[in-house]
Amino acid sequence: MNWRASCLWVCWLPLAAQAIEVDPGKDPVPSVMWAFYHKQILGDAPFVFDQRVKLLAPPFAEDARQVPLEIDARAFKGEVVKILAWAELNPLPQIVDFQPGEQVLPWLAIRIRIEQATPLRAAVLTRDGLWHVGSTLIDAAGGGCTAPSVVRTQPGWEEHIGEVLGGRYPRGEFSRLRMQVAHPMDNGMVSGIPEFFLNHAELRDDNGQLLASLELFPAVSENPNLAFDVEGAGQTRLLLRDNSGNQFDAAIP
């Protein structure tokens, strides 16, 4: 081992030791799939189960194709690097990779598909390199991921792809942006219909500065509903792209 390799090995010792010493605590919703997703999505990185990461979802998914989910990591305001969310027993588990900037609070509301009863997870990466994992359970009759899109049954749906409805709702020191985007969000699990979904979104201010970015996955419901909390005033733009390369741009006054 040369001196440079020795130096790197010694320098990493404290970090490795710190990782080993992290006590993740007890899983609040024990799942046989947790170890798999810890490795697959979080790369076996240090984590703790943390009640400060709140996942709000109905106890039962009445419509498994449109399940409201709220991820609240405002307890870590100013420290959040990214937020990942997934449904452990979905055939397509990943939901979103959300990276809020300084002017966007670490809070997100979204609607998702649920195939069956499953644990839901949201993992919040803070600046110290530790993942904070919030958990909840949701029951469902099933079939949300394999049901055909309702959007495709509507005449002329193709003409409205990418249209955005929504507005800004002031709440004191911040504004809540609520938006719905017209898109079938096809996940490739319905026979004869290939994947066709929004996979990237950005919030920008009226100067073009990036406020937040999201990677979206096919577990997101058709005609996606998104909500963000943004500090400051002024027009906000929502930029969207789907996996076919279509791009959309909407202004939120």
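D50 itself is buried, at a relative accessible area of 11%. Keep in mind that we're looking at a predicted model here.

Now look at D72 and R74. These two form a salt bridge as well, and their closest N and O atoms are 2.8 Å apart. D72 is buried, at 12% relative accessible area, while R74 is partly exposed at 34%.

## A link across the chain

Why do such pairs form at all? Side chains of opposite charge can pair when their charged atoms come close.

K77 and E231 make a salt bridge too, with 2.9 Å between the closest N and O atoms. K77 sits in the loop between β4 (67–72) and β5 (80–87), and E231 is in strand β14, so this pair ties together parts that lie 154 residues apart in sequence. E231 counts as partly exposed, with 21% relative accessibility.

How many salt bridges does the structure hold? The count is 12. Some of them share partners, and in this way D72, R74, R176 and D229 are joined into one network.

## Two loop residues with positive phi

Let's move on to the backbone. M185 isn't a glycine, yet its phi is positive, near 50°. You'll find M185 in the loop between β11 (174–181) and β12 (198–205). Is M185 buried or exposed? With 0% relative accessibility, M185 counts as buried.

N223 is not a glycine either, and its phi is positive at about 45°. Look for N223 in the loop between β13 (210–216) and β14 (225–231).

Notes:
Residues are numbered from 1 along each chain as its sequence is written. This is a predicted model: local features need pLDDT of at least 70, side-chain atom pairs count only at pLDDT 80 or more; totals for chains, interfaces and linings use all residues. Side-chain values use heavy atoms; hydrogens and water are left out. Helices (H or I, at least four residues) and strands (E, at least two) are DSSP runs, numbered from the N terminus. Buried means under 20% relative accessible area, exposed over 50%, partly exposed in between (1.4 Å probe, protein chains only). A salt bridge is a side-chain nitrogen of Lys or Arg within 4 Å of a carboxyl oxygen of Asp or Glu.
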